[in-house]
Amino acid sequence: MTPSLYDLLNVDESASTTEIRAAWKAAIADLDPTDRRFRAFNQAAETLLDPERRTAYDAELASSQPAEEAPETVVVPEPEPEPEPEPEPEPELEAEPEPDTDAEPTESSARPISGRLLVIAAVLAVLALVGTIWVWTRPGASGDVDRFDQREEAAQEAAEVAEEAAVPVLSYDYRRLDADVARATPYFTDDYADQYREVMGQLGGQATKGKLVVAASAVASGIVRSGDDRAEILVYVNQDSSRNGTKNDTLKMWVTMTMVRDGDAWLIDKMKVDTPLSS
């Protein structure tokens, strides 16, 4: 049976969005972004985390199931009739009886017909397999190819901006908090910039008291889902920090950034931070 996107992420077809997202994160956690499986997992998540694409994919999956089961059908030949008795030769001529051309085919002659039917069933199964792979490797295959390519290109631009923004947005030094905030805010939409300033304002006192220094580095990024003017990007970040001059262990995190297009630029409209051990 052809593996589905659900099989690829090891989830049930009835899995919730939360379960699919968790399975996807677990699948790519230890993969290099250049690994072919990394892109396959991302494409699977892009389809199954989008309600419209998931509905279309489920319909494609359901329609392909009967064709995939076709090879299991066994064609049973009808029972052979009793052979008709051969006519007795005329004594005076002693001629051999003519073969009966109207007789039913014997078991040996029926087998090639059964074989041809099974070959046809196998061809149908292969066609179903090709259709499933097309849906797997190109989410939204029923849509316009040019639009898909444009959307993928735009999402890649958003991913590059998100990866670049992760460094200033998730880094700060207690000795120059105002300058760090000013460096990060151009990456946000106006509404989210206000929230960021508020959070950093609350953090300022603690950062100064503990002499906190935080330096982030972006390891890789992946596209979760994308649209014409909106994309969800997952960025893998290592965050090194020190308190009162004492260095802490490196914190590894996943940062999900919701990016929106503003003219020719991509801006962060929302962020969610998870660590590998978070639920």
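## Overall architecture

Eight helices and six strands make up the protein. The model described here is a predicted one. Read from the N terminus, the elements follow the order α-α-α-α-α-α-β-α-α-β-β-β-β-β.

Of the 279 residues, 38% count as buried. The accessible surface amounts to about 17,700 Å², and carbon and sulfur atoms account for 52% of that area. Among contacts between residues at least 6 apart in sequence, 59% join residues at least 24 apart.

In soluble globular proteins, nonpolar side chains tend to be buried together. In this model, the largest nonpolar core contains 36 residues, and Val169, Ile233, Met257 and Ile268 have the most contacts inside it. Two or more residues of this core come from each of α6 (145-169), α7 (177-184), α8 (190-210), β2 (212-226), β3 (230-243), β5 (251-262) and β6 (265-274). Helix α6 provides the largest share, eight residues.

## Helix α2

Helix α2 comprises the 12 residues 17-28. At 1.5 Å a residue it should span 16 Å, and its end C-alpha atoms are 17 Å apart, which agrees. The buried residues of α2 are Ile20, Arg21, Ala23, Trp24, Lys25 and Ile28.

## A buried aspartate

Asp173 belongs to strand β1 (residues 172-173). Its relative accessibility is 3%, and therefore Asp173 counts as buried, the cut-off being under 20%. Apart from residues up to four places away in sequence, Asp173 touches Asp180, Leu212 and Val213.

## Aromatic pairs

Three aromatic pairs are present in the structure. One of them, formed by Tyr6 and Tyr57, is tilted, with 6.2 Å from centre to centre and 45 degrees between the planes. This pair links distant parts of the chain, since Tyr6 lies in helix α1 (residues 5-9) and Tyr57 in helix α4 (residues 51-69), 51 residues apart. Tyr6 and Tyr57 are both buried.

Elsewhere, Phe188, Tyr192 and Tyr196 are linked into a cluster by ring pairs.

Technical notes: Residues numbered from 1 in each chain as written. Predicted model: local features only at pLDDT ≥ 70, side-chain atom pairs only at ≥ 80, totals over all residues. Heavy atoms only, no water. Core = buried A, V, L, I, M, F, W, Y, C linked by side-chain atoms within 4.5 Å. Buried < 20%, exposed > 50% of the residue type's maximum accessible area, 1.4 Å probe, protein only. Helix = DSSP H or I, 4+ residues; strand = E, 2+ residues; numbered from the N terminus. Contact = heavy atoms within 4.5 Å. Expected span 1.5 Å × (residues − 1). Areas by Shrake-Rupley, 256 points an atom, 1.4 Å probe, with all protein chains shown as cover. Phe/Tyr/Trp six-rings, centres within 6.5 Å; stacked < 30°, edge-to-face > 60°.
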